[in-house]
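Student: Could we go through this structure together, one question at a time?
Tutor: Happy to, let's look at it.

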Amino acid sequence: MIALSNEGLNQRFTPRAVAFLKEVFFTLLMHQRPSLSSITETYRACFTRLRILDSTSFLLPADYGEDYQGSVSSGAKIQFEYELLSGTCLQLCVQQANDSDARFAYHTQHTILPNDLCIRDLGFFSLATLAEIDARGAYYITRLRSDIKVYIKQDGEWHEWDWESIGRGGSRGSGTRVYRTPTPVCSASDFSPSHGGRMGKTAGVRAEKGKKKGKALSRQTLEQKNITSY
């Protein structure tokens, strides 16, 4: 084992070292593509592009504080969006560490095309951005924030959506699709092979402000109940 200090590693990050690491990264990426080919062909029939957006942040020396500010000290954030079907990079941006992921997604929504599928984590969650994705004829997969509640319209009245009852009624392999309607913000329907993908109950999604009521389901609970949010 070779002992190497942080400063020793920093001094070895020369242009040649950066070029070497880039080559290693893209070589590994290309080696993974054959194993993904069978999966991507399935999605290619449904979507034009499968966009995966994520970010990573790291600290920088204090000398960079003027240009790259973090929450407590100097820091930078890398935004990277990968298109799985073609294996291309759509977005690669270096920002300040305290820049918002949701703001980045909002300012890049003009790049979304019809039939794109956007996969993002909760840091990019924004109802306005999701509504814009829908308006552009594209699709998204995202988790719901804990302050978001879903309502179903039954007999002309809105009722809070009981996720647990949906989980009990669904079968393995079925899912829940959330899509936008003019009022209030989003709606949802149950779809499964037995329904043939037809629309079911209408529902609305809105942000709850102030004191939250009820219990937010954890990721583990949602997985146990085979619930997927789109």
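Student: Where is T108 placed, and is T108 buried or exposed?
Tutor: T108 sits in the loop between helix 3 (101-107) and strand 4 (116-120); helices (H or I, at least four residues) and strands (E, at least two) are DSSP runs, numbered from the N terminus. This is a predicted model, in which local features need pLDDT of at least 70 and side-chain atom pairs count only at pLDDT 80 or more, while totals for chains, interfaces and linings use all residues. Residues are numbered from 1 along each chain as its sequence is written, and side-chain values use heavy atoms, with hydrogens and water left out. Buried means under 20% relative accessible area, exposed over 50% and partly exposed in between (1.4 Å probe, protein chains only), so at 9% T108 counts as buried.

Student: Which backbone oxygen does the side chain of T108 reach?
Tutor: A polar contact is a pair of N or O atoms within 3.5 Å; within protein, one must be able to donate a hydrogen and the other to accept it, and residues adjacent in sequence count only if both atoms are side-chain atoms. At 3.3 Å, the side chain of T108 reaches the backbone oxygen of A105.

Student: What is the strand order of the open sheet of 5 strands?
Tutor: Two strands pair if DSSP finds at least two bridges between them. Strand 3 (88-96) and strand 5 stand at the edges with a single partner strand each, so one side of each has no neighbour in the sheet. The pairing is mixed, and the order is 3-2-1-4-5.

Student: Which residue stands opposite L117 in strand 5?
Tutor: Strand 4 and strand 5 run parallel and are joined by 3 bridges. The residue opposite L117 is Y139.

Student: Which residue forms a ring pair with Y139, and what kind of pair is it?
Tutor: Rings of Phe, Tyr and Trp (its six-membered ring) pair if their centres lie within 6.5 Å; planes under 30 degrees apart count as stacked, over 60 as edge-to-face and the rest as tilted. The partner lies in the loop between helix 2 (15-44) and strand 1 (49-59), so the pair ties together parts that are 92 residues apart in sequence. With centres 5.7 Å apart and planes at 70°, the partner is F47 and the pair is edge-to-face.

Student: Which residues are linked with R51 in a network of salt bridges?
Tutor: A salt bridge is a side-chain nitrogen of Lys or Arg within 4 Å of a carboxyl oxygen of Asp or Glu. R51 forms one with E81, the closest N and O atoms being 2.8 Å apart, and another with D116 at 3.2 Å. R51 is buried, with a relative accessible area of 1%, and E81 is buried at 1% too. The residues linked with R51 in the network are R49, E81 and D116.

Student: How many residues apart in sequence are the parts that K77 and D101 tie together?
Tutor: K77 forms a salt bridge with D101, with the closest N and O atoms 3.1 Å apart, and both residues are buried. K77 lies in strand 2 and D101 in helix 3, so the parts tied together are apart in sequence by 24 residues.

Student: Which residue takes a positive phi in the hairpin of strand 6 and strand 7?
Tutor: Strand 6 (residues 148-154) and strand 7 (residues 157-160) run antiparallel, joined by 4 bridges. K153 stands opposite W158 in strand 7. The hairpin has 2 residues between the strands, and the one with a positive phi near 55° is D155.
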